[in-house]
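Here's a quick briefing to keep beside the viewer. Have a look at the fold first, then work through the notes by topic.

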Amino acid sequence: MRFEGSPHYVATADLKLAVNAAITLQRPLLVKGEPGTGKTLLAEEVAKSLNLPLLQWHIKSTTKAQQGLYEYDAVSRLRDSQMAGLDGGERVKNIHNYIVKGVLWQAFTAEQPVALLIDEIDKADIEFPNDLLRELDRMEFWCYETRELIRARHRPLVFITSNNEKELPDAFLRRCFFHYIRFPEPDTLEHIVRVHFPKLKGDLLAAAMKTFYEVRQLPGLKKKPSTSELLDWLRLLLAEDIGATELQPEGQPMGIPPLVGALLKNEQDTTLFERLVFMQNRNR
């Protein structure tokens, strides 16, 4: 298997190299980068490109590693045992009826190779990645309730994303191939926009890109707008039929861009930008 890119996802040469390195090494690909740079979408597009089913495990602050393996529904079994007189208790006798298979169990026992996305692993507590070390390394785990060893039929292609909210343990990092998705260069960003909006007029694209970079490069921003915010903003500009002259009016003082709420996501950044606009116009 080799990932050569996707018509719907602009992957740089170093990103494609990282995906193929993880495939060759048979190690999880740990992808970091700013929110909105396409980490989750990468797994989806690689899976489509390689014709692999994709299983997704979206991590929350309350997620435990055991949930990815399996959960034993003891409450349901107790309830069924109390009503066993109705059907002879045949269901209760088979403990497999109360094992809820997690995404790792599903990936390990799949009939064909699959891609597995463990999304935003840094949201969980610090012990979460440590608890998955053995399973991801040896591709097997023990189910105590059924007393069976669940071993992977095929090694899944594992993608792990992180927004760098927490540091990950060194032992976990050692088992991964790491890639950081940098914010795209202007040429790459323009290519990404063209993939999503092939009929976008050149003057609107140029004006939108100029405005976007002015906002993004503002010093002191708490949350810089990312690629996904730019695409959302362009979609709104097209929906509202806002042209290039409204974004960058010639000879007019700098103003607040229309629909700036798609780019700036908190009041601190909006206030900062408004102050910058005021100061620049006062100094004209």
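**The sheet and its neighbours**

Strand E1 (residues 29-33) runs parallel to E9, and five bridges pair the two; strands pair if DSSP finds at least two bridges between them. Keep in mind that this is a predicted model, where local features need pLDDT of at least 70, side-chain atom pairs count only at pLDDT 80 or more, and totals for chains, interfaces and linings use all residues. Numbering starts from 1 along each chain as its sequence is written, and side-chain values use heavy atoms, with hydrogens and water left out. Element names come from DSSP runs, numbered from the N terminus: helices are H or I with at least four residues, and strands are E with at least two.

- Five strands make up an open sheet, ordered E2-E5-E8-E1-E9, with parallel pairing.
- The edges belong to strand E2 (54-58) and strand E9 (177-181); each has a single partner strand, so one side of each has no neighbour in the sheet.
- On average, neighbouring strands of this sheet are turned by 20° against each other, direction ignored.
- In a regular strand, side chains alternate between the two faces of the sheet.

**Helices lying on the sheet**

- Helix H1 (residues 13-25) lies across E1, strand E8 (157-162) and E9, and runs at about 165° to E9. Angles here run from 0 to 180 degrees between N-to-C directions, and axes are lines fitted to C-alpha atoms, for helices over the stretch in contact.
- Helix H2 (residues 39-49) lies across E1, E2, strand E5 (115-119), E8 and E9, running at about 165° to E8.
- Which residues of H2 are buried? They are Lys39, Leu42, Ala43, Glu45, Val46 and Ala47. Buried means under 20% relative accessible area, exposed means over 50%, and partly exposed is in between (1.4 Å probe, protein chains only).
- The cover over those buried H2 residues includes H1, E1, E2, E5, E8 and E9.
- Asn51 follows H2 and has a positive phi, near 60°.

**The hairpin**

- Strand E6 (residues 140-143) and strand E7 (residues 148-151) run antiparallel and are joined by four bridges.
- Glu140 sits opposite Arg151 in E7.
- Four residues lie between the strands of this hairpin of E6 and E7, and Arg147 takes a positive phi near 55° there.

**Helix packing around H10**

- Two packed helices are described by the angle between their axes and the distance between the axes.
- Helix H10 (residues 186-196) packs on helix H11 (residues 202-216) at about 130°, with the axes 12 Å apart.
- That angle makes H10 oblique to H11. For the cut-offs, under 35 degrees counts as roughly parallel, over 145 as roughly antiparallel, 65 to 115 as roughly perpendicular, and the rest as oblique.
- On the H10 side, Pro186, Leu189, Glu190, Val193 and Arg194 meet Gly202, Leu205, Met209, Phe212 and Tyr213 of H11. Contact means heavy atoms within 4.5 Å.
- By class, this contact of H10 with H11 has seven nonpolar, one polar and two charged residues. Ala, Val, Leu, Ile, Met, Phe, Trp, Tyr, Cys and Pro count as nonpolar, Asp, Glu, Lys and Arg as charged, and the others, Gly among them, as polar.
- H10 also packs with H12, at about 45° and with axes 11 Å apart.
- H10 and H12 are therefore oblique to each other.
- Leu189, Ile192, Val193 and His196 of H10 make the contact with Thr227, Leu230, Leu231 and Leu234 of H12.
- The contact of H10 with H12 has six nonpolar, two polar and no charged residues.

**Residues to click on**

- Glu229 is in helix H12 (residues 227-239) and counts as buried at 8% relative accessibility.
- Leaving out residues up to four places away in sequence, Glu229 touches Lys223, Lys224, Ala262, Leu263 and Lys265.
- Lys265 is in the loop between helix H13 (244-247) and helix H14 (267-282), and is partly exposed with a relative accessible area of 46%.
- Cys176, in the loop between helix H9 (170-174) and E9, is buried at 12% relative accessible area.
- Apart from neighbours within four places in sequence, Cys176 is in contact with Pro28, Leu30 and Ile160.
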